[in-house]
Amino acid sequence: VRVLTTRLQPKKSTKIALLPVHIANSISILRAQFGNMTDVDIIHGILDVNNRPFTTAQLEALIKCVPTDDGMIDALLRYEGDMEALREAERFSLTLLTIDNVGEMLFSLVFYDEFPARSAMIQRQLSAM
C-alpha cells in the first residue's frame, strides 16, 4: 500500500510592518501582560483614572509600548489602509496613539502610584538628619 503525502506550503504572512521587527516583538511580549484585554479595554483602563485595572508594572510596560521615534510615529499615523492588514504590534501602538500625550499620561500615573512610597521614604530620610 502506498500512501501519497503532499506537503502544504505554509501561507506567507501578508501583514504590513511599519515598525522594526525587534520593536514589534518587544511590544507583542509586553502586550501579553494584559491577557485577554482588548486594545480598547486597555485604552479605557488608561483613561479611567479612578478605577484603573493596572499595576504599576503594567503601566511601565505600556510606557515601553508607546512609540517615541518621530519617524515611527509618522509612519503609524500616516497609515490609511486596512487596520487588519497591520501586525498586532502596529495596531496596538496606533491604538495607544489615539490618546493625546499618552506617554506623559502614563508617566504621571506611575508617579501617582509610587508617590506614597516615595514620600514616606523622603520623610524617613529627613527625620534621620
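A: **Aromatic pairs and the nonpolar core**

The structure contains two aromatic pairs; rings of Phe, Tyr and Trp (its six-membered ring) pair if their centres lie within 6.5 Å, and planes under 30 degrees apart count as stacked, over 60 as edge-to-face and the rest as tilted. In the pair formed by Phe-34 and Phe-54, the ring centres are 5.4 Å apart and the planes stand at 90°, so this pair is edge-to-face. It links distant parts of the chain, 20 residues apart: Phe-34 belongs to the loop between helix H1 (21–31) and helix H2 (39–47), and Phe-54 to the loop between H2 and helix H3 (56–65). Helices here are DSSP runs (H or I, at least four residues), numbered from the N terminus.

The model is a predicted one, in which local features need pLDDT of at least 70 and side-chain atom pairs count only at pLDDT 80 or more, while totals for chains, interfaces and linings use all residues. Residues are numbered from 1 along each chain as its sequence is written, and side-chain values use heavy atoms, with hydrogens and water left out.

Phe-34 is buried at 4% relative accessibility, and Phe-54 is buried at 7% (buried means under 20% relative accessible area, exposed over 50%, partly exposed in between; 1.4 Å probe, protein chains only). In the pair of Phe-111 and Phe-115, the ring centres are 5.8 Å apart with planes at 55°, so the pair is tilted. Both residues lie in helix H6 (residues 102–128), four residues apart, about one turn of the helix. Phe-111 is partly exposed at 46% relative accessibility, and Phe-115 is partly exposed at 44%.

A further ring, that of Phe-92, has Arg-31 over its face at 5.2 Å from the ring centre; a charge sits over a ring if NZ of Lys or CZ of Arg is within 6 Å of the ring centre and within 35 degrees of the ring normal.

The largest nonpolar core has 30 residues, of which Ile-46, Leu-62, Leu-96 and Leu-106 touch the most other members. Such a core is a set of buried Ala, Val, Leu, Ile, Met, Phe, Trp, Tyr and Cys residues joined through side-chain atoms within 4.5 Å. Two or more residues come from each of H1, H2, H3, helix H4 (70–78), helix H5 (88–96) and H6, and H3 gives the most, with five residues. Leaving aside neighbours within four places in sequence, Leu-62 is in contact (heavy atoms within 4.5 Å) with Phe-34, Ile-42, Ile-46, Phe-54, Phe-92, Leu-96 and Leu-106.
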